[in-house]
Amino acid sequence: MIAQRLTARRLVQLLGDWRGDGHSYLELSDSVALLARDGTVPVGSALPAERPLAEALGVSRTTVSASYQRLRERGIVHSRQGSGTVIRAQRGTVVDGDQHGDGEIDLTTACPAPWGGLAALSARAFAEHADVFQQIGFDTLGRSDLRRAIADRYTARGLPTTAEQIMVTLGAQHANFLVARTLLRRGDRSLIESPSYPNAREALAATGALVAELPVASDGYNAASIIDIASRTSPRLAYLIPDHHNPTGQSMPEELRAELIATLTAQGTYVLVDETTAELTLGPPCLVRPFAAAAEHSHQRDAIITVGSLGKTVWGGLRVGWIRATPELIARLEVSRRIGDLGTGSWEQVMALLALEQYDEILGERAVEHAAQYRVLAEQVAAHFPEWTMPRVAGGVSTWVDLGGHYSSRLARAGSRAGVRIAPGPRFGSPGVFERFIRFPFSAPAGDLRDAVQRLRSARDADLGEPHASLGAQLVI
């Protein structure tokens with residue numbers, strides 16, 4: 001079955017600035033391979049026919065034909081009778097005909113290493129909660145003790161919450177999609193920051209909703225522009241990452257929050273707030289005030305749906321997240337959820353419950369770890385890319401680096417050949433924009449960050465040469 005059939009126009013948008021100084025067919029095949037590797041073009045998608053793609057790209061049909069043949073030889077696509085050239089499931093990461101093994105550095109996921117106390121936590125879970133294996137295991141709301149623990153955390157952070165306002169999910173993205181699927185219908189308007197988390201954008205678009213954008217700059221928020229766009233859009237659902245935003249790492253100013261909440265809720269908008277990285281700070285541990293606490297009236301708070309998870313703070317493999325909403329909306333979400341899954345794993349919930357008991361300790365360790373890694377990244381960027389601008393961030397897992405030129409996709413392609421996987425700027429916004437930026441996570445080990453920056457410098461020089469002298473050198477750390 002074909003996942004989707006890409007038009008030539010759509011593929012051109014996704015490719016962005018794919019042309020380099022080498023052979024066009026090689027650069028085109030490498031660029032398509034990156035889209036397949038990152039999941040931007042899903043497995044099973046049919047690529048455009050050769051002639052319309054050649055016309056859309058302004059190249060010869062021979063160039064497209066040679067590019068498709070190279071993709072077939074590398075196992076990235078296959079030809080299917082009646083379907084054309086189709087993206088196939090990948091076994092390992094293929095770059096220029098080779099597969100990078102342990103030497104490849106993956107900076108596309110911005111995911112911290114597993115917390116070091118997981119083994120001890122698991123042993124404790126076996127010792128204290130062996131009874132979980134006697135239970136049936138289907139649970140679409142979540143364990144009552146875990147829901148209370150999550151609610152208590154919100155209350156301690158300044159947002160009074162009860163267990164009835166919590167649903168435990170299979171991570172934050174599951175929560176985002178569940179909310180979008182429940183509240184949005186085809187043709188509805190939705191709103192998302194730009195740049196923003198790509199999977200959240202796709203969750204909104206998958207419902208058939210129209211997606212409008214709120215601009216977030218690498219160095220902060222333009223309050224007047226944001227309020228103006230929010231007031232003119234009248235969305236059914238708005239998705240925000242107000243604390244340690246992905247990908248920029250910025251946090252929304254306190255004075256803007258109440259005004260934005262008032263503007264959106266006055267139009268009947270639900271506000272979906274992703275706080276997955278909200279409590280990941282680079283300074284001394286502190287209780288980060290939830291976005292919903294900025295609402296001035298109870299009816300405004302009722303329109304705010306907050307999503308969180310343990311994926312960034314504890315372990316990406318611990319698939320436990322949650323939704324905070326009114327009890328009435330939680331009931332609607334539970335009905336909607338049963339169509340797609342039958343609940344979060346019981347064992348994972350036990351692990352989550354114990355992790356929350358020592359959550360401040362975990363966050364404290366993460367703060368020290370991430371602060372050190374951020375310093376290493378800043379030092380390496382300053383040494384190897386003085387023309388880049390790296391903004392100061394106070395938390396999260398990534399920073400939005402200004403390259404000083406529009407070559408993000410080309411850098412990602414060159415980096416891939418050097419064994420560094422990094423997500424180019426256009427992945428985080430509308431096709432064709434943000435070629436000047438790249439999301440650089442500092443969640444990776446310090447040694448990987450050093451090696452990655454050095455490899456990117458060599459790859460950039462080989463592919464692009466020296467940067468223009470007119471580009472300003474700037475690094476804010």
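This report walks through selected helices, loops and single residues of a predicted model.

Residues are numbered from 1 along each chain as its sequence is written. In this predicted model, local features need pLDDT of at least 70, side-chain atom pairs count only at pLDDT 80 or more, totals for chains, interfaces and linings use all residues, and side-chain values use heavy atoms, with hydrogens and water left out.

## Two helix pairs

Helices (H or I, at least four residues) and strands (E, at least two) are DSSP runs, numbered from the N terminus. Axes are lines fitted to C-alpha atoms, for helices over the stretch in contact, and angles run from 0 to 180 degrees between N-to-C directions.

Start with helix H7 (residues 172-183) and helix H12 (residues 327-337). Their axes are 10 Å apart, and they pack at an angle of about 95 degrees. H7 and H12 are therefore roughly perpendicular to each other. Angles of 65 to 115 degrees count as roughly perpendicular, those under 35 as roughly parallel, those over 145 as roughly antiparallel, and the rest as oblique.

Which residues of H7 and H12 make the contact? H7 supplies His174, Leu178, Val179, Arg181, Thr182 and Leu183. H12 supplies Leu329, Arg332, Leu333, Ser336 and Arg337. Contact means heavy atoms within 4.5 Å. By class, the contact of H7 with H12 has five nonpolar, three polar and three charged residues. Here Ala, Val, Leu, Ile, Met, Phe, Trp, Tyr, Cys and Pro count as nonpolar, Asp, Glu, Lys and Arg as charged, and the others, Gly among them, as polar.

Next come helix H6 (residues 144-156) and helix H13 (residues 346-357). Their axes come within 9 Å and cross at roughly 35 degrees. The crossing of H6 and H13 is left-handed. That term applies if the near helix is turned anticlockwise from the far one by less than a right angle; clockwise is right-handed. From H6, the residues that meet H13 are Asp145, Leu146, Ala149 and Ile150. From H13, they are Gln349, Ala352, Leu353 and Leu356. The contact of H6 with H13 divides into six nonpolar, one polar and one charged residues.

Helix H8 covers residues 198-206, and Pro198, Ala200, Arg201, Ala203 and Leu204 in it are buried. Buried means under 20% relative accessible area, exposed over 50%, and partly exposed in between (1.4 Å probe, protein chains only). What do the buried residues of H8 pack against? They pack against H7, strand E7 (189-194), strand E8 (210-215) and strand E9 (237-240). Just after H8, Gly208 takes a positive phi of about 90 degrees.

Pro195 lies in the loop between E7 and H8. A cis peptide bond joins Ser194 to Pro195, with omega about 5 degrees.

## The loop between E9 and H10

Pro247 sits in the loop between E9 and H10. A cis peptide bond joins Asn246 and Pro247, and omega is about 20 degrees. His244 is in the loop between E9 and H10 too. His244 is not a glycine, yet its phi is positive, at about 55 degrees.

## Buried residues

| Residue | Relative accessible area |
|---|---|
| Ala110 | 3% |
| Ser443 | 4% |
| Leu34 | 8% |
| His244 | 8% |
| Thr265 | 12% |

Ser443 lies in the loop between strand E15 (437-441) and helix H16 (446-464). Not counting residues up to four places away in sequence, Ser443 touches Ala110, Cys111, Pro112, Ala113, His370, Gln373 and Val397. A polar atom of the Ser443 side chain lies 3.4 Å from the backbone nitrogen of Cys111.

Ala110 itself is in the loop between strand E5 (105-107) and helix H5 (118-128). The phi of Ala110 is positive, near 50 degrees, in a residue other than glycine.

Leu34 is part of helix H2 (residues 24-38). Leaving aside neighbours within four places in sequence, Leu34 is in contact with Ala412, Arg413, Ser416 and Arg427. Leu34 and Arg439 are 405 residues apart in sequence, and 16 Å apart in space, C-alpha to C-alpha.

Thr265 belongs to helix H10 (residues 254-265). The Thr265 side chain reaches the backbone oxygen of Ile261 at 2.7 Å. Leaving aside neighbours within four places in sequence, Thr265 is in contact with Gln300 and Ala303.

Terms used: Polar contact = N/O pair within 3.5 Å; in protein donor to acceptor, adjacent residues only side chain to side chain.
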